[in-house]
Amino acid sequence: TDSIQYATIHNIVDQTSDIIFDDDGSGEIADVVAVKINKEHSKIIFHLYHCKYSGGELPGARVKDLYEVCGQAEKSIMWNDNVLEIIQRMIVRENSRKKDYGETRFEKGDLQILQMLKKMVQSGFETEFEISIVQPGVSIMKITDSMKQIIFATDTYLKDTYGIRLTCYFSN
């Protein structure tokens, strides 16, 4: 309950999502994956949340704190072209977590919904991606021009490459 993933899931993620998946760990898609299914418009929205807690001294104004989380956000656009792979990866990671620890990665949803999602994608549902970075160690009050450049570069890259907008969650 003291992790940034927990705080993200309970304070930021849209709780009306059909799936909320805690994917934190090696080989993750994102720290948190939320999926919303809109059957009326035959659309599936994947929202990837990349989280990074600030470490060390003087949190709030270190450029270094943004490089890793912005890099994760930029790399995650690869899933835009691999929707079936993202679903399969979630299935594998859930099965592995259950086998190894007897715990689920799902905060909401289950493997049945993932299987249904897979069929929807195969039948032609449109998919859309949203990407957020969550870093409470970055303070809006202490943000520097260098930090803004990193954020704007990531936002521009995501928009120009796939039309994906970046959302940022920082502390005050």
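Q: Which residues are buried in α3?
A: The model is a predicted one. A residue counts as buried when its relative accessible area is under 20%. In α3 this holds for Val 83, Ile 86, Ile 87, Met 90, Ile 91, Arg 93, Glu 94 and Arg 97.

Q: What covers the buried residues of α3?
A: The cover is formed by contacts, that is, by heavy atoms within 4.5 Å. Both strands and a helix take part, and the cover includes β1 (19–22), β2 (32–38), β3 (43–51), β4 (106–108), α4 (111–122) and β5 (126–139).

Q: Which residue follows α3, and what is its phi near?
A: The helix gives way to a glycine whose phi is positive. That residue is Gly 102, with a phi near 70°.

Q: Which parts of the chain does the salt bridge between Arg 93 and Asp 23 tie together?
A: The side chains of Arg 93 and Asp 23 meet at 2.4 Å, N to O, and a salt bridge requires such a pair to be within 4 Å. The two residues are 70 apart in sequence, so the pair ties together helix α3, which holds Arg 93, and the loop between β1 and β2, which holds Asp 23.

Q: Where do Lys 36 and Asp 14 lie?
A: Their side chains form a salt bridge of 2.5 Å, N to O. The pair links distant parts of the chain, 22 residues apart: Lys 36 lies in strand β2, and Asp 14 in the loop between α1 (4–11) and β1.

Q: Why does Lys 36 count as partly exposed?
A: Partly exposed residues fall between the buried limit of 20% and the exposed limit of 50%. Lys 36 belongs to this class because its relative accessibility is 29%.

Q: How many salt bridges does the count come to?
A: One of them joins Lys 52 and Glu 68 at 3.5 Å, N to O. By the 4 Å rule, the count comes to six.

Note on methods
Residues are numbered from 1 along each chain as its sequence is written. This is a predicted model: local features need pLDDT of at least 70, side-chain atom pairs count only at pLDDT 80 or more; totals for chains, interfaces and linings use all residues. Side-chain values use heavy atoms; hydrogens and water are left out. Buried means under 20% relative accessible area, exposed over 50%, partly exposed in between (1.4 Å probe, protein chains only). Helices (H or I, at least four residues) and strands (E, at least two) are DSSP runs, numbered from the N terminus.
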